[in-house]
Amino acid sequence: LNSTDLTLHDLNHEFPTSNDDTHSSLFNHDDLVQINSLRNDTKSKIRESLRVIASQLNVYHLNQLSISYNGGKDCLVLLILYLSQLATTTTTDNNNNSNKNFSKKPLLDSIYINYEHNFSDLDSFIDASTLSYHLHLTNYSCDLIQGFRNYLSKFPSKKAILIGVRKNDPYSQHLNFVQNTDNNWPSFIRINPILNWNLKNIWFFILFLKINYCSLYNLGYTSLGGTNSTIKNPNLLKIKFALLNHSNNSSIQKYFTHLYNKNNKNNLDFIPINDPLQDHYPAFFLQNDLLERAGRFKPF
Ligand code: ATP
């Protein structure tokens with residue numbers, strides 16, 4: 001995987017690129033200004049996150065690190081950034097030898113705590129992505145704190161865990177990129193590289209780079225909890241959505257729709273945005289970060 005190069009290289013081109021010229025008539029001048037502003041903003045967020053990850057790869061050996069991965073969109077972005085940085089960073093192996101070739105270490109340690117009854121689509125996505133990204137996923141069925149406690153006692157070498165938390169998540173406004181756990185959490189260093197990302201950056205990254213994501217997001221779920229605690233985001237209900245004034249966001253919606261259609265050109269399971277069987281718009285239509293968890297009854 002070499003998505004760092006891909007990201008930085010491709011993002012350096014203003015939209016529309018030569019490949020997209022045929023679609024340029026879809027977008028007016030104001031659209032292009034907004035799209036390119038989001039592209040630049042995402043580019044600087046990517047750089048910031050990669051800097052955080054790179055700095056921690058200088059502090060910790062790979063066997064001291066893990067990534068907290070539950071198949072959600074935020075940790076998916078984090079995972080791609082982590083893999084990208086690993087592919088370009090000189091890491092140090094257990095014997096303190098310089099190890100430039102990450103491909104010799106195909107399994108990336110990760111922890112998943114399954115504390116609710118999952119949607120089967122999420123289970124399938126976790127299975128598929130665990131395989132395709134070569135994760136060594138340790139899975140616990142208990143509450144989050146107990147899960148981390150179990151993980152750290154099973155793998156005492158682990159010192160720091162990458163987490164896909166963002167400042168708009170509950171209780172996360174004052175988090176730092178790197179900090180120790182507090183309160184009754186087991187002690188480890190939390191590395192939070194994507195703190196400053198917004199929903200728009202997440203979806204730009206995923207759609208622009210054609211990254212496979214859990215299919216529930218296409219149905220209108222914007223944040224994924226268990227089946228008993230998660231519904232489709234009510235703010236994406238098509239009838240309601242049409243009544244609200246979303247003109248400020250329409251350029252980005254238009255662009256995301258363009259990418260979604262383009263990415264799914266050959267996908268037999270493709271759900272068109274205006275499919276009459278779907279009563280909600282896909283997750284990437286939501287631009288307001290404060291509404292992201294409106295479909296979740298438990299924040300965590
Ligand atoms: P979404 O909000 O769309 O479900 P997400 O799960 O990636 O995406 P959050 O729910 O905001 O994001 O959780 C923030 C981060 O906390 C995740 O990215 C992941 O790193 C970590 N995390 C949350 N729940 C779990 C879990 N059950 N197991 C492992 N890690 C988790």
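Strand 1, which spans residues 65-68, runs parallel to strand 4 and is joined to strand 4 by two bridges. Within this pair, Ile-67 has Ser-110 of strand 4 as its bridge partner, and Ser-68 stands opposite Ile-111 in strand 4. Strand 1 also pairs with strand 6 (residues 160-162), again in the parallel sense, over three bridges. Here Ser-66 stands opposite Ile-161 of strand 6. Strands of a sheet pair through backbone hydrogen bonds, in either a parallel or an antiparallel arrangement.

These pairings belong to an open sheet of six strands, ordered 5-4-1-6-8-7, with mixed pairing. At the edges are strand 5 (135-140) and strand 7 (178-180), each of which pairs on one side only. From one strand to the next, the twist averages 30°. The chain as a whole contains eight helices and eight strands. It has 300 residues, of which 33% count as buried. Among contacts between residues at least 6 apart in sequence, 81% join residues at least 24 apart.

The shell around the ligand consists of 16 residues, and Gly-72, Asp-74, Cys-75, Gly-164 and Ser-223 come nearest. Helix 3 (73-88) and strand 4 (108-113) each supply at least two residues of the shell. By residue type, the shell divides into eight nonpolar, five polar and three charged residues.

Most residues other than glycine have a negative phi. Asn-183, which is not a glycine, has a positive phi of about 50°. Asn-183 is placed in the loop between strand 7 and strand 8 (189-191). Asn-183 counts as exposed because it has 5 C-beta neighbours inside 10 Å. Lys-210 likewise has a positive phi, near 55°, and lies in the loop between helix 6 (199-208) and helix 7 (238-243). Lys-210 has 11 C-beta neighbours inside 10 Å and therefore also counts as exposed.

The confidence scores of the model are ipTM 0.98 and pTM 0.91. The pLDDT averages 87 over the chain, and 83% of the residues score at least 70. Over residues 1-6, the pLDDT is below 50, and this stretch has 13 contacts in the model beyond near neighbours in sequence. Over residues 91-103, the pLDDT stays under 50 as well, with 17 contacts beyond four places in sequence. Where pLDDT is low, the predicted coordinates should not be read in detail.

Key
Residues numbered from 1 in each chain as written. Predicted model: local features only at pLDDT ≥ 70, side-chain atom pairs only at ≥ 80, totals over all residues. Near = placed C-beta within 6 Å. Helix = DSSP H or I, 4+ residues; strand = E, 2+ residues; numbered from the N terminus. Nonpolar A, V, L, I, M, F, W, Y, C, P; charged D, E, K, R; others polar. Pairing = 2+ DSSP bridges. Axes fitted to C-alpha atoms, helices over the stretch in contact; angles between N-to-C directions. pLDDT = per-residue confidence, 0-100. Contact = placed C-beta atoms within 7 Å. Buried ≥ 20, exposed ≤ 12 C-beta atoms within 10 Å, placed from the backbone.
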